[in-house]
Amino acid sequence: MAVGLLDYEVADLCLGKPPLRPLSASATITDALSALKTSDDGFLSVWKCGQFSSENSGECLCVGKVCMVDVVCYLCKPENLPSPSSAMDSPVSVLLSEVPGRVRHVEPHLSLLEAIDLILQGAQNLVVPIKSNSRKTQQKSSINPTSHYGREFCWLTQEDIVRFLLSSIGLFSSIPALSISTLGLISTNFSSVGSHSPASLAMGVVSDSLADQTAVAVLDDDGVLIGEISPFSLACCDESITAAFMTLSVGDLMAFTCCGGPPEEIVRIVKTRLKEMNLEGMLEEFSASSGIPPTSSSSSSDDESSSRNTSLPRPERYGRSCSYSAMVMRRAEAIVCHQGSSLAAVMVQTIAHRVNYVWVIDEDRSLVGIVTFANMLRVFYEHLQSMA
């Protein structure tokens, strides 16, 4: 019976979770990028710690999280375009969401039902202290990059809770077999852009999708879903993706990020457009990362005109080093289901592809809506609450 799940606490879900590597809120965006490039996770936890002394235990608090999309959105702000290198010296705290409660500290004894309730209220990550040998942890705290004055923490995400519920799916009677349409899980509240739209104009909806833990659907002229722009597809990119956002169409940006870095001809297209836009600072940064000198002014107008109207070829691998799981996530192809798909099937899709959502399409691939982890968790929460 599902009622047995009411006895579980968040500590039970934390078993085997790795400790969070702290990034100070006073660190620079450059520091954050360096950490992102060596992290298996697409997000970094940002911390503020009190002054440690004999009278003060040095309380540490996770104040938010950042990812590559946060960096890209910040560098694409008009005031940062002339000098990206100067913007990179800003404290990472400028990237943090102003919406309170996205990251919440909780105690290990918090019940599973209470954890789901917090997520439905807007929490995205639940920070949980890891129980450990305090003396041993304190002895190693000076050399342990995951220690916060002798304490270690992990965090639980929506994915962790959905995975846990999926492992106990047989306890929920007939609910998992019902269709997502029958359960009312399909939402029409999502962001979309046309494939021919300038990627720079999509920055607002990309930022919104990050806040919602979803993605931006990319549609063709007939409203057919042909891909997406998501935090996952950008997770293995470096800061040079900012130049691609400023110069390419949405469709070409998908090609740029799908499987790695673009061939030399695409790099030259980006550089030509940066030069036309007088973004010399960004051109210099992009040239340094791509290893190709800036485009000369001798390029013919015919070549430049052609570059504006030609879809970009499929790119090669580039950017930061990623784990296998991160590379699996990195794609522009959208994960889809149909209105008649069962809840259990959609849960398996999300967990298998490491995404927080699945797009719902018709037989002709026209976009109907989206099913998110939050939608799924609400169904389980209501069922468990009725048993409490």
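Biologist: How many helices and strands does the secondary structure of the protein chain come to?

Modeller: Happy to start there: this is a predicted model, where local features need pLDDT of at least 70, side-chain atom pairs count only at pLDDT 80 or more, and totals for chains, interfaces and linings use all residues. Residues are numbered from 1 along each chain as its sequence is written, and side-chain values use heavy atoms, without hydrogens or water. Helices (H or I, at least four residues) and strands (E, at least two) are DSSP runs, numbered from the N terminus. Counted that way, the protein chain has 17 helices and 12 strands.

Biologist: What percentage of the residues of the protein chain count as buried?

Modeller: Buried means under 20% relative accessible area, with exposed over 50% and partly exposed in between (1.4 Å probe, protein chains only). Of the 388 residues of the protein chain, the share that counts as buried is 52%.

Biologist: And among contacts with a separation of 6 or more, what share comes from residues 24 or more positions apart?

Modeller: A contact here means heavy atoms within 4.5 Å. Among those in the protein chain with a separation of 6 or more, residues 24 or more positions apart account for 70%.

Biologist: Turning to the largest pocket, which residues are the closest to its centre?

Modeller: On a 1 Å grid over the protein atoms alone, a pocket is an open set of points with protein on both sides within 12 Å along at least five of seven lines, whereas a cavity is a set where a 1.4 Å probe fits but cannot get out; lining residues have an atom within 4 Å of a point. Points are joined across faces, edges and corners, and a volume is the space filled by probe spheres set on them. The largest pocket has a volume of about 940 Å³. Of the 38 residues that line the largest pocket, the closest to its centre are Asp40, Asp41, Gly42, Phe43 and Trp155.

Biologist: Which helix gives the most to the lining of the largest pocket?

Modeller: Several elements each supply at least two residues of this lining, among them strand 2 (43-49), strand 3 (60-67), helix 3 (68-75), strand 6 (153-157) and helix 7 (158-167). With four residues, the one that gives the most is helix 7.

Biologist: How do the residues of the lining of the largest pocket divide into nonpolar, polar and charged?

Modeller: Ala, Val, Leu, Ile, Met, Phe, Trp, Tyr, Cys and Pro count as nonpolar, Asp, Glu, Lys and Arg as charged, and the others, Gly among them, as polar. On that scheme the lining divides into 18 nonpolar, 11 polar and nine charged.

Biologist: Why is helix 3 largely enclosed by the rest of the structure?

Modeller: Met68, Asp70 and Tyr74 are among the buried residues of helix 3. Helix 3 is largely enclosed because its buried residues number eight of the eight.

Biologist: Where is Val92, and is it buried or exposed?

Modeller: Val92 sits in the loop between helix 4 (84-87) and strand 4 (103-105). Leaving aside neighbours within four places in sequence, Val92 is in contact with residues including Leu23, Ala32, Val46 and Val66. Leu23 is 69 residues away in sequence and 8.9 Å away in space, C-alpha to C-alpha. At 0% relative accessibility, Val92 counts as buried.
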